[in-house]
Amino acid sequence: MADGTHQDGDIVIGGGAPPQHADLNLLRTFLAVYRSGSFTAAAPLLGLSQPTVTAQIRALEQQTGRALFTRLPRGAEPTHLAHDLAGHIAGPLDALASLGGRNTVLTGRTTLVHLAGPAELLCARALPALAPLVAEGVRLRITMGLTDPLLEALRAGHHDLVIATRRPGGRTLTSLPLADEDYVLVASPGWARRAGERLAADGPCAAVRDIPLITYAEDLPIARRYWRNVFGKRLTAQAAVTVPDLRGAVSAVAAGAGYSVLPRYLCQDELASGGLVLLHEPEEPPLNTLFLVQRPGADANPDVARVRERLQRTARTW
């Protein structure tokens with residue numbers, strides 16, 4: 001027939017269909033790479049070595065006569081042919097996997113959703129937002145950490161979703177803006193009173209010069225950005241306390257240890273109660289956009305889509 005379909009019902013040849021008599025193992029390997037986003041991530045899902053996965057994809061590419069993936073430094077990007085091929089084989093292979101008890105490898109329909117992100121945001125915002133889904137049966141596995149290593153782990157297939165503090169580079173990861181967090185310059189009421197006269201006369205830069213700085217890391221990433229964007233100056237202070245969890249910085253500042261620059265959402269209760277005092281209110285506070293990044297193929301698990309959509313919806317109020 002003109003469209004390349006055999007009348008006896010054989011597999012369609014041409015377009016994005018699999019080659020006639022294609023080895024099911026090669027197609028399974030292809031689908032695992034397609035959904036996980038890399039050869040390395042697909043290997044443990046299949047119980048194979050990475051070189052074996054590479055060899056099987058090459059064999060399938062020889063059968064199709066065209067490249068299925070563009071090899072990147074981090075991951076593998078599907079070609080147009082790969083997208084078409086996945087569309088042809090995903091349904092039948094998922095059905096076979098379910099019958100054979102291998103659905104967690106091919107379909108991703110495991111009951112677990114692996115979510116990662118900054119500890120403070122996950123605890124203060126994401127987990128409360130996801131509580132209704134947990135009550136409905138969604139099972140979560142949470143990993144906390146810094147954006148760069150979490151994105152590397154996502155590329156390797158260890159996470160389904162990552163809340164990132166920056167947009168990931170490269171073309172293999174899908175990301176969408178989730179929320180904007182703004183930052184505030186705060187101190188305890190005692191330090192604010194002591195700085196009061198200098199605040200009025202000399203401004204916040206001079207007023208906090210003799211107050212201990214509480215920060216997230218030794219290089220003062222959040223405070224330096226605030227100084228640069230708000231005051232147009234370089235921050236020259238040294239940290240009195242570094243604590244790699246901003247909830248600890250909130251506690252220390254509220255207890256009178258010094259001042260800090262913190263995300264507003266994390267200290268809004270203390271600001272409302274008077275436990276913390278704003279030292280400065282710029283017309284345009286510095287903002288940082290949070291991104292929700294998804295592992296390729298993670299949508300095969302419907303619970304991943306539910307978690308993503310819930311986070312998107314609730315993040316409007318963050």
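User: What ground rules apply here?
Analyst: This is a predicted model, so local features need pLDDT of at least 70 and side-chain atom pairs count only at pLDDT 80 or more, while totals for chains, interfaces and linings use all residues. Residues are numbered from 1 along each chain as its sequence is written, and side-chain values use heavy atoms, with hydrogens and water left out.

User: How do you know that the length of helix H3 agrees with its number of residues?
Analyst: Helices are DSSP runs of H or I, at least four residues, and strands are runs of E, at least two, numbered from the N terminus. The expected span is 1.5 Å times one less than the number of residues. H3 has 15 residues (50-64), so it should span 21 Å, and its end C-alpha atoms are 21 Å apart, which agrees.

User: Which H3 residues are buried, and what makes them one face?
Analyst: Buried means under 20% relative accessible area, exposed over 50%, and partly exposed in between (1.4 Å probe, protein chains only). Val-53, Thr-54, Gln-56, Ile-57, Leu-60 and Glu-61 are buried in H3. Looking down the axis of H3, the buried residues fall within an arc of 165° (taken from the directions from the helix axis to the C-beta atoms), so they line one face of the helix. Pro-51, Arg-58 and Gln-62 are exposed, on the face turned away from the buried side.

User: Why is strand S3 called largely enclosed?
Analyst: Five of the six residues of S3 (112-117) are buried, so the strand is largely enclosed by the rest of the structure.

User: How do you know that S3 pairs with S4?
Analyst: Pairing takes at least two DSSP bridges between two strands. S3 and S4 (139-144) are joined by six and run parallel, with Val-113 opposite Leu-140. S3 also pairs with S5 (161-164), again in the parallel sense, over two bridges; there, Ala-116 has Val-162 as its bridge partner.
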